[in-house]
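Subject: Structure handover and what was found in it

Dear colleague,

I am passing on the structure that you will find just below. Please look it over first, and then read the notes that follow, which go through the findings one by one.

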Amino acid sequence: MVKSDGVTSIYKGVDAAIGRQLVYGTARIGLHRSFSDILVERNGGKPINFLAKTLSGMASGSIAVCIGTPFDIALVRLQSDSMAPEKERRNYKNVFDALIRTVKDEGVGALYKGLAPNILRGMSMNVGMLACYDQAKEGVAKLLNDPMINGPTIGTKLGSSAVAGFTAALFSLPFDLIKSRLMAQKPDPETGKMPYRGIADCAMKIFKKEGPLGFFGGFSAYYGRCAPHAMIILLSIESITQAYKNTFS
């Protein structure tokens with residue numbers, strides 16, 4: 001990509017990615033923490049079990065996806081457009097151009113194409129990243145004899161975020177693959193039909209053509225994207241939250 005299209009090609013869609021994180025990223029994290037705090041309060045201040053953490057992650061992830069899907073559509077289209085043959089490119093200028101042209105050409109509903117698989121992806125990502133992080137934090141703290149009286153130590157944070165980075169990628173990749181293929185699909189030039197009719201049809205075609213491992217194709221690249229992002233976010237959250245509590249409590 002760098003040789004043929006230049007260094008900027010690897011950052012195609014970065015404006016959509018930033019917009020998506022500002023909306024979707026903050027919503028899913030904030031909602032999960034709010035839901036978790038409510039569940040802890042209802043549990044008498046005691047740590048909640050993994051099932052409760054999972055339900056919190058699923059609920060917050062699904063709500064956040066409904067808010068951030070238009071930016072996700074723009075991101076997928078900007079990235080797929082840069083890799084398409086020159087004659088088939090839509091040549092979007094930026095995220096806003098992609099959003100406006102999508103609405104003009106296909107209607108507002110087009111901004112929510114692939115919403116169902118995106119919700120599944122958001123739920124799995126939140127469970128893998130946030131619920132697993134909360135659970136891993138308890139286990140790592142025990143291994144390191146960290147009482148977590150004033151919050152977890154840096155060792156606990158690093159160990160827990162490393163686990164969460166892996167589980168986030170592992171849990172969400174199959175749904176991310178289905179979501180991306182549904183969002184980027186185009187009608188067949190001859191028949192006018194879409195390659196996939198929906199989530200189940202897409203999943204079945206991937207399974208038949210590529211086998212079970214087809215859902216995890218490109219895992220190393222996906223992990224390389226998800227893990228650092230998850231670790232940075234989780235480490236930042238702990239530090240910011242602790243600083244906030246120390247300042248205002």
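On a 1 Å grid over the protein atoms alone, a pocket is an open set of points with protein on both sides within 12 Å along at least five of seven lines, while a cavity is a set of points where a 1.4 Å probe fits but cannot get out, and lining residues are those with an atom within 4 Å of a point. Please keep in mind that this is a predicted model, in which local features need pLDDT of at least 70 and side-chain atom pairs count only at pLDDT 80 or more, whereas totals for chains, interfaces and linings use all residues. Residues are numbered from 1 along each chain as its sequence is written, and side-chain values use heavy atoms, with hydrogens and water left out.

**The second largest pocket**

The second largest pocket is lined by 22 residues, and those that lie nearest its centre are Arg33, Asp37, Lys137, Glu238 and Lys245. Two or more lining residues come from each of helix H2 (14–42), helix H5 (115–143) and H8, where helices (H or I, at least four residues) and strands (E, at least two) are DSSP runs numbered from the N terminus. H8 gives the largest share of this lining, with six residues. The volume of the second largest pocket is about 850 Å³, a volume being the space filled by probe spheres set on the grid points, which are joined across faces, edges and corners. Its lining has 10 charged, seven nonpolar and five polar residues, where Ala, Val, Leu, Ile, Met, Phe, Trp, Tyr, Cys and Pro count as nonpolar, Asp, Glu, Lys and Arg as charged, and the others, Gly among them, as polar.

**Helix H8**

Helix H8 covers residues 219–248, and its 30 residues should span 44 Å at 1.5 Å a residue, which agrees with the 42 Å between its end C-alpha atoms; the expected span is 1.5 Å times one less than the number of residues. The buried residues of H8 include Tyr222, Cys226, Ala230, Leu234 and Glu238, where buried means under 20% relative accessible area, exposed over 50%, and partly exposed in between (1.4 Å probe, protein chains only). In general, an α-helix has 3.6 residues a turn, so residues three or four places apart point the same way.

**The cavity**

The structure holds one cavity of 30 Å³ or more, and the largest cavity has a volume of about 40 Å³. Among the residues that line the largest cavity are Arg20, Tyr24, Asp72, Asn118 and Arg121. H2, helix H3 (50–83) and H5 each supply at least two residues of this lining, and the largest share, five residues, comes from H3. By class, the lining of the largest cavity divides into four polar, three nonpolar and three charged residues.

**Cysteines**

**Some single residues**

Ser172 lies in helix H6 (residues 154–184) and is buried, with a relative accessible area of 0%. Leaving aside neighbours within four places in sequence, Ser172 is in contact (heavy atoms within 4.5 Å) with Arg121, Ser124, Met125 and Tyr222.

Pro195 is placed in the loop between H6 and helix H7 (199–210), where Pro195 is partly exposed at 35% relative accessible area. Not counting residues up to four places away in sequence, Pro195 touches Gln185, Lys186, Asp201 and Lys205.

Val40, in helix H2, is partly exposed at 26% relative accessibility, and, with residues up to four places away again not counted, Val40 touches Gly45, Lys46 and Ile48.

Finally, Asn145 is found in the loop between H5 and H6 and is exposed, with a relative accessible area of 68%. Although Asn145 is not a glycine, it has a positive phi of about 55°.

With best wishes
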